[in-house]
Amino acid sequence: MSFSSPILIVGGGLGGLTAALALARRGWMVRVLEGAPEFGAIGYGIQFGPNVFHVFDRIGVSEQVLVASDSPPAVLMLDALTGEELVRIPTGSSFRTRFKYPYIIIHRIDLHNVLLDACRQSDAIELVPEAMVTGFEDHGDQVSVTIADGRTFHGAALVGADGLGSRTRAQMLNEGAPRLNGYAAHRAIVPMARVPDGVLRAEVVLWGGPGYHIVHYPLRHGTLFNIVAVFRTATFAEKGNTVTYRADLEKTYRIAHPAMKALLAMMDLDRRWAISDRDPIRHWSQDRVTLLGDAAHPTLQSLAQGACMAIEDGLCLAESIHLAQGDFTAAFRQYETARLVRTARVTLESRHIWEFYHVKDIDRDVRNQTTADWSEDSVFRCLAWLYDGFPFPTAPTR
């Protein structure tokens with residue numbers, strides 16, 4: 001296939017759009033197939049560590065992202081019963097000196113629009129909405145995908161960036177549903193003016209409790225407030241209504257700190273998400289087909305790195321294809337090898353930290369005493385493997 005034959009990307013999320021931009025930068029034609037009627041994102045907040053800017057710099061969107069985002073003064077973990085501060089990660093000058101870039105919080109829609117605008121400025125990228133991919137076929141020298149409305153698209157290779165419920169992965173691996181962990185989540189964004197007194201408004205805050213946690217932080221330069229409530233419940237996979245959801249929350253958080261209860265009272269409970277991930281795997285590619293982001297290595301939210309891993313994937317994949325000069329089997333093998341340990345570590349450490357958030361009884365006492373000894377330097381050293389970034393593939397020197 002020539003460089004004029006497009007690479008097909010299934011899914012127009014953050015990882016898929018990053019891959020499209022990185023491939024276009026290397027001279028590849030790209031066609032992004034999105035199942036929704038329009039390219040867009042779910043309207044909630046998202047956090048990013050400084051490692052994401054190693055990618056944003058390369059695809060030329062760092063300045064636009066910084067304009068649309070905010071950098072909190074700190075990331076905090078509080079005890080959900082007492083309100084005691086357990087962990088403080090200062091994200092000001094010392095953080096930027098150590099990691100070179102800021103820690104940011106941004107509305108997912110705003111970030112999505114930055115990437116979409118960049119894609120629309122490239123003649124090498126075609127964005128195709130209302131294109132729900134139902135299956136693919138690898139023909140050896142090209143691939144084709146079938147759309148729900150009967151259309152067919154052909155390309156040089158296929159990238160499944162279609163998220164946790166990836167149809168591309170399901171056809172490749174036939175392994176069943178993701179791993180549910182018994183927790184559910186509710187999300188809300190409210191005007192900052194509605195946030196009750198006594199709630200920290202500038203920082204990213206996680207309240208860790210026995211079987212539950214709440215995360216909150218500001219958005220859009222302090223005009224909005226993002227809240228996520230997560231908790232263990234026997235009904236995590238059941239569809240209910242606002243009355244049953246409210247009763248579930250009140251029972252679970254009955255001994256939580258009053259500030260947490262005040263936040264819960266503000267939340268719209270129309271929708272609930274079951275929390276899940278998958279065990280890491282070594283291979284997520286077959287010949288001219290590969291996976292990216294949550295389709296390849298979905299993770300819990302503990303490290304706030306799921307979207308960042310997808311974005312790193314996008315650049316790593318594009319660089320691997322560039323270096324392999326169109327040998328997609330070799331490119332995808334290099335991409336998997338490069339990303340395997342880092343993404344698996346994110347998945348496994350996220351599971352460990354998830355338990356750390358939710359301990360109870362004596363385990364909680366041990367956690368709280370342990371964190372009391374953590375210094376800024378020790379926290380930075382623990383985060384260095386993640387926040388220092390990722391060595392993207394480069395051509396060997398001669």
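Predicted model: local features only at pLDDT ≥ 70, side-chain atom pairs only at ≥ 80, totals over all residues.
User: Let's start with sheets. What is the strand order in the open sheet of six strands?

Analyst: The general idea comes first: strands of a sheet pair through backbone hydrogen bonds, either parallel or antiparallel. Here the order runs β7-β2-β1-β11-β18-β17, and the pairing is mixed. At the edges stand β7 (125-128) and β17 (285-286), each with a single partner strand, so one side of each has no neighbour in the sheet.

User: How many bridges join β2 to β7?

Analyst: Four, and β2 (residues 30-33) runs parallel to β7. If you want a spot to look at, find V32, which stands opposite L127 in β7.

User: And β3, which way do its residues point?

Analyst: In β3 (residues 45-48), G45 and Q47 point one way, while I46 and F48 point the other, and all are buried. Strand β3 is joined to β6 (residues 104-107) by four bridges, and these two run antiparallel. Within that pairing, Q47 has I105 of β6 as its bridge partner.

User: Now helix α11. Which of its residues are buried?

Analyst: Check which residues fall under 20% relative accessible area. In α11 (residues 361-371) those are R364, R367, N368 and T371. They span an arc of only 95° around the axis, which means they sit on the same side of α11. Over on the other side, I362 and Q369 are exposed.

User: Is G150 buried or exposed?

Analyst: G150 is exposed, because its relative accessible area is 54% and the cut-off for exposed is over 50%. You'll find G150 in the loop between β9 (143-147) and β10 (152-155). As for G16, it is 134 residues from G150 in sequence, and their C-alpha atoms are 23 Å apart in space.

User: Last one, pockets. How much space lies in the second largest pocket?

Analyst: In general, rolling a probe the size of a water molecule over the atoms shows where empty space is left. For the second largest pocket, that space is about 220 Å³.

User: Which residues line the second largest pocket?

Analyst: P210, Y212, R232, T233, A234, T235, D248, K251, T252, R254 and I255. By type, the lining divides into four nonpolar, three polar and four charged residues. Helix α7 (residues 242-252) gives the largest share of the lining, three residues.

Key: Residues numbered from 1 in each chain as written. Heavy atoms only, no water. 1 Å grid on protein atoms, 1.4 Å probe; cavity = no way out; pocket = protein on both sides within 12 Å on 5 of 7 lines; lining within 4 Å. Points joined across faces, edges and corners; volume = space filled by probe spheres on them. Nonpolar A, V, L, I, M, F, W, Y, C, P; charged D, E, K, R; others polar. Buried < 20%, exposed > 50% of the residue type's maximum accessible area, 1.4 Å probe, protein only. Arc of directions from axis to C-beta. Pairing = 2+ DSSP bridges.
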